[in-house]
Amino acid sequence: MQGSTRRVGAMTDVHRRFLQLLMTHGVLEEWEVRRLQNHCYKVHDRNATVDKLEDFISNINSVLESLYIEIKKGATEDDGRPIYALVNLATTSISKMASDFAENELDLFRKALELIVDSETGFASSTNILNLVDQLKGKKMRKKEAEQVLQKFVQSKWLIEKEGEFTLHGRAILEMEQFIRESYPDAVKICNICHSLLIQGQSCETCGIRMHLPCVAKYFQSTSEPRCPHCNDYWPHDIPEVFDPEKEREAGISRSSRKSLRTRQH
Amino acid sequence: MRSKAWFVFARTPPPMPPPPPPTPRGRLVQTTPNRPVLPVTGASLRRLVMLQKPRSRSRPGAQPGSGSDRDLGASGEVPSGPGRPDASQGSAGALSPSSRPAQATPAPELRTQKQLELKVAELVQFLLIKDQRKIPIKRTGILKHVIRDYKDIFPDLLKLAAERLHYVFGYKLVELEPKSNAYILINTLEPVEEDAEMRGDQGTPTTGLLMIILGLIFMNGQSIPETEVWDFLRRLGVYPTKKHSVFGDPKKLITEDFVRQRYLESRRIPHTDPVDCELQWGPRANLETSKMKVLKFVAKVHNQDPKNWPTQYCEALADEQSRVGPEPSDPVAAS
């Protein structure tokens, strides 16, 4: 499929500032990305019409391609909000974290990752992860320490914690999907609708196919009787709502004043 | 002559470049086979591919003529052959095919364009990550962790990486000091106040403190004893022995971190007891900011015109003139 060589766009200072600032975040939600884009236009090219975000990003990506980096768009697995991260395409390891964490911390993450991928629910319990602390490479780590390391992962948006259990943050999925698919080909779960890596989702109790929650929401949006796309059996789960950025913005006016862009993350 | 009452930090635009974030560096494995090679680097890479010579004999492959003192230094692996390349063969920049005679059989070390592209990508990411720490990147580190067996074309790879860093990210790769074999990234974009709200990291807070110290040094002449710096900072609630809510350990920050990052230089003042050190601007400070910028910062803090300090103003002007002249040692100065 060598066909189309994508036309390379041109970088201007608007794009460069955008990239520089984007790089200071691990992952951003779409509204934050728009805000960043508007800021960069304001600084460099006040009078220009702001490009459509999709085109803007696509333009930058065409230039980044030769560097094996990409601004990748994804969605959070729990409520389908669009997120963006700058992802390295050339490595197939979790080396992006390598500069921020020690060897034993990286290994702890690897162990947690494996448990999460293997699990049925996409969550690994704190207890199960901590029980593996003895097997870690590098400096010996105590369980107490490991708990703090897990919190570090949550703060830097590699993991999400819910009621003492851990799953992958959307950022980790964006960054590591390829690595995960290659490293755990048997354990890996795929969404029946979008065919991407699936960590959390719903599954058909009859035939076992799985779907992301936002994919379920979209697929069954206007159906009164949801049925499995594969085996046609009645879909036994609650159908979530489709993510609506408008509703978000109304609710989020109070939220964004609490949570500024300067969240603590790597 | 030192200026009087300073006050708490002005919220000034930090002249320091925003530290780039963790970008990945790691073992590169070729991934999808269908990645198109884009023309922007394609041309330079193609030239590089064409110029690869068997490493075992005769002229070194794409090893540029070592005549230019802007070059990055021979990698030390110039193969012994019938004489060294003469300087007229072209500098680090010129990879024109016409300067090379046709060679015989290609060696097994010939690398594909894809491999070269990946190597440049790896180098770019390495430089971005390393610079994030604000520690100058040593050439030996680059060779050891990234270049490895591509040593023979190291200068070209570095030049390509520098081009990409400049074109794509707006960062300029410069050598910290001439012949230091250590590099830093300089932001070619002017930081803007609102950038601080858009950032995802905490890069900025220490910059204010650094600016103040650079200001103290400059307004005092060329250097200032550390004790006088603390005398001043105490008035702002910053103490060498007390943990600070924003700066953490200010003593470590100033005497260790800023020095290691080459923003400051510290020298023992002899015959002082307790030991006192003299602080001066470090090479990175000169590269990332300027006397004029620092003077303007000081002036703004006092709500005055920079010209109200005539000595410093003249010095800053002279510094500006010298900047317009020859570039600070730039290993990949544009052709």
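# Briefing on packing, charge pairs and backbone features

A:Cys228 is buried, having a relative accessible area of 2%. In this structure, which is a predicted model, the sulfur of A:Cys228 lies 3.6 Å from the closest cysteine sulfur, that of A:Cys207, and this is too far for a bond.

**Cysteines**

- Over all chains the structure holds zero disulfides, a disulfide being a covalent bond between the sulfur atoms of two cysteines.
- Because a pair counts as a disulfide when the sulfur atoms are within 2.5 Å, the 3.6 Å between the sulfurs of A:Cys228 and A:Cys207 is too far for a bond.
- In chain B, B:Cys277 counts as buried, at 14% relative accessibility.

**Packing of helix 2 and helix 3 in chain A**

- Two packed helices are described by the angle between their axes and the distance between the axes.
- For helix 2 (residues 30-44) and helix 3 (residues 53-64) of chain A, the axes come within 11 Å and cross at roughly 75°.
- Since angles of 65 to 115 degrees count as roughly perpendicular, helix 2 of chain A and helix 3 of chain A are described as roughly perpendicular to each other.
- On the side of helix 2 of chain A, the contact is made by A:Glu30, A:Val33, A:Arg34, A:Gln37 and A:Tyr41, while helix 3 of chain A contributes A:Leu53, A:Phe56 and A:Ile57.
- Sorted by class, the residues in this contact of helix 2 of chain A with helix 3 of chain A are five nonpolar, one polar and two charged.

**Salt bridges**

- The structure holds 27 salt bridges over all chains, and among them is the one in which the side chains of A:Glu105 and A:Lys152 meet, at 3.1 Å from N to O.
- This pair links distant parts of the chain, as A:Glu105 belongs to helix 4 (residues 103-118) of chain A and A:Lys152 to helix 6 (residues 143-155) of chain A, 47 residues apart.
- Of these two partners, A:Glu105 is buried with a relative accessible area of 12%, whereas A:Lys152 is partly exposed with a relative accessible area of 34%.
- The side chains of A:Glu177 and A:Arg181 also meet in a salt bridge, at 2.7 Å from N to O, and because these residues are four residues apart in helix 7 (residues 170-183) of chain A, they are separated by about one helical turn.
- A:Glu177 counts as buried at 15% relative accessibility, while A:Arg181, at 32% relative accessibility, counts as partly exposed.
- A further salt bridge joins the side chains of A:Arg227 and A:Glu225, at 3.2 Å from N to O; A:Arg227 is partly exposed, with a relative accessible area of 33%, and A:Glu225 counts as partly exposed at 45% relative accessibility.
- Elsewhere, A:Glu29, A:Asp79 and A:Arg81 are joined into one network by salt bridges that share partners.

**Backbone features**

- Most residues other than glycine have a negative phi, and most peptide bonds are trans.
- The peptide bond from B:Asp273 to B:Pro274 is cis, with omega near 0°, and B:Pro274 is placed in the loop between strand 5 (264-269) and strand 6 (276-281) of chain B.
- A:His195 has a positive phi, near 65°, and lies in the loop between strand 7 (189-190) and strand 8 (197-198) of chain A.
- A:Asn232 has a positive phi, near 70°; its place is in the loop between helix 8 (213-219) and helix 9 (245-258) of chain A, and at 48% relative accessibility A:Asn232 counts as partly exposed.

Terms used
Residues are numbered from 1 along each chain as its sequence is written. Chains are lettered from A and ligands numbered from 1 in the order in which they are written. This is a predicted model: local features need pLDDT of at least 70, side-chain atom pairs count only at pLDDT 80 or more; totals for chains, interfaces and linings use all residues. Side-chain values use heavy atoms; hydrogens and water are left out. Axes are lines fitted to C-alpha atoms, for helices over the stretch in contact, and angles run from 0 to 180 degrees between N-to-C directions. Helices (H or I, at least four residues) and strands (E, at least two) are DSSP runs, numbered from the N terminus. Angles under 35 degrees count as roughly parallel, over 145 as roughly antiparallel, 65 to 115 as roughly perpendicular and the rest as oblique. Contact means heavy atoms within 4.5 Å. Ala, Val, Leu, Ile, Met, Phe, Trp, Tyr, Cys and Pro count as nonpolar, Asp, Glu, Lys and Arg as charged, and the others, Gly among them, as polar. A salt bridge is a side-chain nitrogen of Lys or Arg within 4 Å of a carboxyl oxygen of Asp or Glu. Buried means under 20% relative accessible area, exposed over 50%, partly exposed in between (1.4 Å probe, protein chains only).
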